[in-house]
Every structure is written in C-alpha cells, then in structure tokens.
Amino acid sequence: MKKDLSGKKVAILIADGFEQVEMTEPREALENAGAQTEIISIKDGEVKGWNHTEWGDVFPVNHVVGSVNADDYDALLLPGGVMNPDKLRKDKKAVSFVKDFFESGKPIASICHGPWVLVEADIVQGLNMTSYESIKTDVVNAGGKWVDKEVVTDQGIVTSRKPDDIPAFNKKMIEEFAEGTHRQRMAS
C-alpha cells in the first residue's frame, strides 16, 4: 500500500456544522502523508465545526466553491455531521464541484452524513458504499449498494459510517488518494 501523498493537493469541502473530528483527523493524516490540504466552503472567511453535541472550533476558508474547480486538486474529502452536508447539498456550486471530481475519476473520501452530497450529485448509482445508518435509505434510493462496514471502497470512492471508523477511513483514504485517478470510472 502506497502511503506517500507528496505533491498531492486535496480539497476539503465543508460548511458550518461539519463534524469537527471527521475533518481534523483525516486532514492531519493527509498532511502527515505529505498532502497539501485546502478548505473549500460555500462562504468566505471561516467555517465552524460541530464537536459531537456543541459548536466546536473555527477554521479559515482557503477558497469559496466556484472560485476553484476539480482540476485544481488531486482528491476530495467530504466530512460529515448533519448540518454540513445538508447545507452543501443545497448549494449548486458545491454539488457541481463534487460531481466534477467523480466525472474526472479523482478519488473522493466521505464519512458519516457526507454521502448525502454524493447522493445529491447523482453519483452513487451502482456503487458499494456505507454511511451513517440514518441515511442508508437515501443511499439505497439513489441506487447505491449500502453495506454496514467501517470502510467501503468502490472505484476510488471511500466511505465510512462514523467517527469510530476514522482510523480505518484514514488508512483507506490515503491508499486511494495515492493511487490517483480511477480510469474505469471515467469510462462509465
């Protein structure tokens, strides 16, 4: 398994209310593997995390979605939380940004409620994936094949269920991001 992400640039797409640990721990793992990360959001300035049951820390936004595109990055991280993906899936530019990663074959990692954005981008059809259990029906209704595992990978799309799965999620995310573009997905 390749673990070196030197020279790779990863977009982290979040809005206020993202589950903080689902961004900070994967981001740390990515940076420890050599990747450069940037926070992309639907608003300028800063975004506020959600720390399990209350508001968490604030983080500076590097770029507003719409001012950058998938061609600027090698991979995409979509943390969960309930509020975060709910806001992202209502933003056309955010949804288009995610869809562009998928269509270009670039790897995407999404945890917890993050797959809601994948559903909205209409890219889960036929994919094996997991998510937080409460959005299982949304994934299935969008054509995804939902399984109850700590981490699932299909065609460069890495998904996990919850914060407890972060160690397995990080390991698989780094592996997929190191592999790069998934040509078979681009052909479909």
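Which residue lies over the face of Y73, and at what distance from the ring centre? In this predicted model, where local features require pLDDT of at least 70, side-chain atom pairs count only at pLDDT 80 or more, and totals for chains, interfaces and linings use all residues, the residue is K9, placed at 5.2 Å from the ring centre. Residues are numbered from 1 along each chain as its sequence is written, and side-chain values use heavy atoms, with hydrogens and water left out. A charge is taken to sit over a ring if NZ of Lys or CZ of Arg is within 6 Å of the ring centre and within 35 degrees of the ring normal. A further contact of this kind places R89 over the face of W116, at 4.1 Å from the ring centre.

Four aromatic pairs are found in the structure, a pair being defined by rings of Phe, Tyr and Trp (its six-membered ring) with centres within 6.5 Å, and classed as stacked for planes under 30 degrees apart, edge-to-face for over 60 and tilted for the rest. Among them, W50 and W55 have ring centres 5.1 Å apart and planes at 85°, so this pair is edge-to-face. W50 is partly exposed at a relative accessible area of 21%, and W55 is likewise partly exposed, at 41%; buried denotes under 20% relative accessible area, exposed over 50%, and partly exposed the range in between (1.4 Å probe, protein chains only).

Y73 and F97 also form an edge-to-face pair, with 6.3 Å from centre to centre and 85° between the planes. This pair links distant parts of the chain, 24 residues apart, since Y73 belongs to the loop between β6 (63-64) and β7 (75-78), whereas F97 belongs to helix α3 (residues 92-103).

At the level of the whole chain, the secondary structure comprises seven helices and twelve strands, assigned as DSSP runs numbered from the N terminus (helices H or I, at least four residues; strands E, at least two). The C-alpha trace spans about 35 × 35 × 30 Å along its principal axes, and 53% of the 188 residues count as buried.
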